[in-house]
Amino acid sequence: MLVQEIVEEIIEKIPDNTMPVVSILRKITQTRDRLLRNLSPAQKQSDVLNQAFDVTAGTFFTDLVCPPGNVTEVAIRNAIYTNQTFNDDARDWRRIPLRQFDEHEHRPYYYFVSGQIGIYPPPLYDTFYGIKIFYTAVLSPLTMNDLNGGSGFDPNFDMLLVYGVLKDILPNNGEFHERYNQLFKEYNSATSGYERYVVKGRW
């Protein structure tokens, strides 16, 4: 669907609509971005970007390339603590968890402070590409100039945007909530990455 068509679907379903199109576009953007931040396991493997940064010994923080909510995973090179690198990625890199509190007994981990990402404990050695941040793309808010283009969301599930907006505009309408939940389950199932059927060969 074009963004214009998504807007029309929403307007058609709102009785006595008086909401301006710019407000509807803002709500479509909010719904789209909320869905994109909560990716399924399969999407976290395929639909994310990544960027690596050099680290400096003793420095906790690195500037973020996206909002904290778009970060899906963080990996560090073991060399930031050992000064030893490997050609094998499995030995060279490791994923670390997010912890927003001072948990020195669980380490290493990453956390967010004022638009930056921190690593604890701090790196012991200067390391080329010492941290890698995996994140979902930051899409621009939809405007009137985008009406003849796509929404930036999975085009097979544009109706999920429609009902996501409708359930926010009319929170007491159970039909919109039910339809949204049904589509959301279908969307999760379609993007979960799990095989639902196993075909066994006869040879």
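Figure 1. Leucine 124 comes out as exposed, at 54% relative accessibility (exposed is over 50% relative accessible area, buried is under 20%, and partly exposed is in between, with a 1.4 Å probe and protein chains only). This is a predicted model, so local features need pLDDT of at least 70 and side-chain atom pairs count only at pLDDT 80 or more, while totals for chains, interfaces and linings use all residues. Residues are numbered from 1 along each chain as its sequence is written, and side-chain values use heavy atoms, with hydrogens and water left out. Leucine 124 sits in the loop between strand E6 (116–120) and strand E7 (127–135); helices (H or I, at least four residues) and strands (E, at least two) are DSSP runs, numbered from the N terminus. Setting aside neighbours within four places in sequence, leucine 124 is in contact (heavy atoms within 4.5 Å) with Ala57, Ile80 and Tyr81.

**Figure 2. Threonine 127, buried in strand E7.** Here we're in strand E7, looking at threonine 127, which is buried at 6% relative accessibility. The threonine 127 side chain reaches the backbone oxygen of tyrosine 125 at 3.0 Å. Beyond four places in sequence, threonine 127 is in contact with Asp54, Val55, Arg77, Ala79 and Ile80.

Figure 3. The structure has eleven aromatic pairs (rings of Phe, Tyr and Trp, the last by its six-membered ring, with centres within 6.5 Å; planes under 30 degrees apart are stacked, over 60 edge-to-face, and the rest tilted). One of them joins phenylalanine 61 and tyrosine 111, edge-to-face, at 6.0 Å centre to centre and 80° between the planes. Phenylalanine 61 belongs to strand E2 (residues 61–63) and tyrosine 111 to strand E5, so the pair ties together parts that are 50 residues apart in sequence. Phenylalanine 61 is partly exposed at 33%, whereas tyrosine 111 is buried at 16%.

**Figure 4. Tyrosine 163 and phenylalanine 176, a tilted pair.** With ring centres 6.0 Å apart and planes at 50°, tyrosine 163 and phenylalanine 176 count as tilted. Tyrosine 163 is in helix H6 (residues 158–169) and phenylalanine 176 in helix H7 (residues 174–191), so this pair ties together parts 13 residues apart in sequence. Tyrosine 163 is buried, at 10% relative accessibility, and so is phenylalanine 176, at 6%.

Figure 5. Phe60, Phe61, Tyr109, Tyr111 and Tyr120 form one aromatic cluster. Valine 113 is in strand E5 (residues 109–113) and is partly exposed, with a relative accessible area of 34%.

**Figure 6. The chain behind the close-ups.** Seven helices and seven strands make up the count of elements, in the order α-α-α-β-β-β-α-α-β-β-β-β-α-α along the sequence. Of the chain's 203 residues, 38% count as buried.

Note on methods: Polar contact = N/O pair within 3.5 Å; in protein donor to acceptor, adjacent residues only side chain to side chain.
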